[in-house]
Structure formats: structure tokens, C-alpha cells
Amino acid sequence: MSAGGPKILVVEDEASQLELLAYNLGVEGYEVFKAETGEEGLLILEEQDIDLVLLDWMLPQTSGLEVCRQVKRNKATKNIPVIMLTARGEEDDKIRGLDIGADDYVVKPYSIKELMARVRVGLRSTAGQMGADLLVYHGLSMDLVQHKVALADQVIPLGPLEFKLLRVFLEAPGRVWSRDQLLDRVWGDNLNVDTRTVDVHIGRLRKALAKVSDVDFVRTVRGFGYSLDTSA
Ligand code: CA
């Protein structure tokens, strides 16, 4: 274990899974803390300066959902990204997990490579935050208290859905979101919208940003979705 890297807490009751995750995270240079129960995990969160949590949904006693809720309710831990690990097809779980503030969601069986990529994105999203109330990316800033978006000093007027979309993007720059994921995060429980709606509001967001900047902030990922990415 190489100390000094970001600290990752893994909460998983299946010993083989726990070891597999710990091993791979160690290889990537992270300092890994292991917990087999939610209680143990919460204790470690109190004692250590954890940078990201990988949290199994199905745990004995305190469930992953409850652990996540407690992490997000606590001022000291609420900005720590939580990636939930869950069984295939539990869509209701996914929505509930995102509702209570889980930052990401990975379905088992996951590929280790994919999971490591998500961990990197999760860590980057906190590094990009200048305090929880201000999100910044390449000169673009979102003030969550004043509900204001600006590029340099120029304020960009946005509709409420465009604001929410941009917020999702700014919380994880570079991460690629599928239309379904954006629907979940921005429209939530509203089942009367379909993925074309996402395209419409992405279009409006682009238009608003294009008025103040030549940089194209929103990248279209063909066949998948969108990402906040100026490098394209
Ligand atoms: Ca489990």
C-alpha cells in the first residue's frame, strides 16, 4: 500500500470482492481502507480524512443506502463522493440512491477498469470544487447560493432546467453522461419526459453559452450522451 495517495474507503461485505477492490485500488496508488459493515465504514469516516467511498448496496445490518444517507447528512462528510455498487437491474435502487445524494452508481458485475475510471472522475469532481457553493470549470462558474452562472464576469441567463443540467456537468467535468442518466438527475421522478427532451435542453444550454464564448463547452459523445469538456 502506497501511503500518501487519495484515501478510498471500500465498504463491501463479500470478502473476495473487498480484497479484489482493495488490491486494484492499491495498484492505482490509492490508500485503501476496508470495511465489511456499514458501521465499520462510518467509524472509519469519522477517524480518517477519506476522499472517496465505494459503497456496496447490500450490506448486513446497516444498508448501503442508510450509510450513504448518513454520509450525506453529516456536514463533515457530505462532500465526499460516494459511488454505490449494486446488483444488476435494480433501477429503483438507482433512483433512490441518487435521491439521497450518491454521486455515482456502478452495476455489478462491473469491470475493474470501468470502476477505476469512475473513481478517478469522482476524485476529480471534488478537486474541481472551490467550496461546495461555487463550481468552476475553465472560467465558467456557477454560484449555487446566488443561483448565478457566469463566464469571466459576464452573467449567463439560464432557464431552470439548463441550470440543473449545467450543475450536473460542473460537478463532474469530463464525465460522460448518457441521456438516461441526465434524465434521472435533472428531471428525477418525472416519467413524462423522454430522452429527446434532454437533447432540446442541451441545445438551449449550448446556445446560452455560445452567446458569451467561442469555446464549445458541451461535447456530444456519439451514441452515448454528453460531457462538459472543452478539449474536443
Ligand atoms: Ca453485499
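**Helix packing around α8, and some local details**

Helices α7 and α8 are roughly perpendicular to each other (that label covers angles of 65 to 115 degrees, with under 35 degrees counted as roughly parallel, over 145 as roughly antiparallel and the rest as oblique). The two pack at an angle of about 80°, with their axes 9 Å apart; axes here are lines fitted to C-alpha atoms, for helices over the stretch in contact, and angles run from 0 to 180 degrees between N-to-C directions. On the α7 side the contact is made by Arg179, Asp180, Leu182, Leu183 and Trp187, and on the α8 side by Thr195, Thr197, Val198, Asp199, His201 and Ile202 (contact means heavy atoms within 4.5 Å). Sorted by type, the residues of this contact come out as 5 nonpolar, 3 polar and 3 charged; Ala, Val, Leu, Ile, Met, Phe, Trp, Tyr, Cys and Pro count as nonpolar, Asp, Glu, Lys and Arg as charged, and the others, Gly among them, as polar.

A word on the model itself: it is predicted, with local features needing pLDDT of at least 70 and side-chain atom pairs counting only at pLDDT 80 or more, while totals for chains, interfaces and linings use all residues. Residues are numbered from 1 along each chain as its sequence is written, and side-chain values use heavy atoms, with hydrogens and water left out.

Helix α7 spans residues 179–187, and its buried residues are Gln181, Leu182, Leu183, Val186 and Trp187 (buried is under 20% relative accessible area, exposed over 50% and partly exposed in between, with a 1.4 Å probe and protein chains only). Helices (H or I, at least four residues) and strands (E, at least two) are DSSP runs, numbered from the N terminus.

Helix α8 also meets α6 (residues 160–171): the axes of α6 and α8 come within 9 Å and cross at roughly 85°, so this pair is roughly perpendicular too. Leu161, Glu162, Leu165, Leu166 and Phe169 of α6 touch His201, Ile202, Arg204 and Leu205 of α8. The residues of that contact split into 6 nonpolar, 1 polar and 2 charged.

Turning to rings, the structure holds 1 aromatic pair. Tyrosine 137 and phenylalanine 217 sit edge-to-face, 6.5 Å centre to centre with 65° between the planes (rings of Phe, Tyr and Trp, the last by its six-membered ring, pair if their centres lie within 6.5 Å; planes under 30 degrees apart are stacked, over 60 edge-to-face and the rest tilted). The pair links distant parts of the chain, 80 residues apart: tyrosine 137 is in strand β6 (residues 134–137), and phenylalanine 217 is in the loop between α8 (195–210) and β11 (218–221). Both tyrosine 137 and phenylalanine 217 are buried. Elsewhere, the charged end of arginine 175 sits over the ring of tryptophan 177, 3.7 Å from its centre; this requires NZ of Lys or CZ of Arg within 6 Å of the ring centre and within 35 degrees of the ring normal.

Most residues other than glycine have a negative phi, and most peptide bonds are trans. The bond from lysine 108 to proline 109 is cis, with omega near -5°.
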